[in-house]
Amino acid sequence: MKMHFTSAAAGLLLLAGIGAAAAQDVVIAPEQETVIKEYVHKQPLASVEVPGVKLSVGSTLPDTVELHEVPNVKYRYVVVDNQTVIVDPGTRKIVKVLD
């Protein structure tokens, strides 16, 4: 009985940790997203291929992918498989896939 309680408590702690991690998702302010979209539209890039990387929030791009600066914005962008993605340059994680 004691073993079941310990397992249940550990499971709850694990779920709490997952919830905390999800709460730390990057949120780009609407004004900043507008600036990024306008800049990307004016500065189109050729699309690159990155085999084995799923284009979704949280995916990490390899160092071989060149990230491009958006003036006055901390994030970078790149076009992968004809989709523009916004990337945190510190972690190289995708924070947004633009429509």
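1. Arg 92 is found in the loop between S3 and strand S4 (94-97). Strands here are DSSP runs marked E of at least two residues, numbered from the N terminus. The phi of Arg 92 is near 65°, a positive value in a residue other than glycine. Most residues other than glycine have a negative phi. Arg 92 is also buried, with a relative accessible area of 14%; buried means under 20% relative accessible area, exposed over 50%, and partly exposed in between, using a 1.4 Å probe and protein chains only.

2. On the basis of the note: this is a predicted model, in which local features need pLDDT of at least 70 and side-chain atom pairs count only at pLDDT 80 or more, while totals for chains, interfaces and linings use all residues. Residues are numbered from 1 along each chain as its sequence is written, and side-chain values use heavy atoms, with hydrogens and water left out.

3. The sheet is open and has four strands, in the order S1-S2-S3-S4, with antiparallel pairing. S1 and S4 are its edge strands, each pairing on one side only. Two strands are taken to pair if DSSP finds at least two bridges between them. Strands of a sheet pair through backbone hydrogen bonds, either parallel or antiparallel.

4. Strand S1 covers residues 68-69 and pairs with S2 in the antiparallel sense over two bridges. Glu 69 stands opposite Arg 76 in S2. The two strands form a hairpin with six residues between them, and in the turn Asn 72 has a positive phi of about 65°.

5. S2 and S3 also run antiparallel, joined by five bridges. Among the partners, Val 78 is bridged to Val 85 in S3, and Val 80 to Gln 83 in S3. How is S2 placed, mostly covered or mostly open? S2 is mostly covered, as four of its five residues are buried.

6. The hairpin of S2 and S3 has two residues between the strands, and Asp 81 takes a positive phi near 50° there. Asn 82 lies in the loop between strand S2 (76-80) and strand S3 (83-87). Asn 82 is not a glycine, yet its phi is positive at about 65°.

7. Is Asn 82 buried or exposed? Asn 82 is exposed, with a relative accessible area of 68%, whereas Arg 92 is buried at 14%. Both have a positive phi: about 65° for Asn 82 and near 65° for Arg 92.
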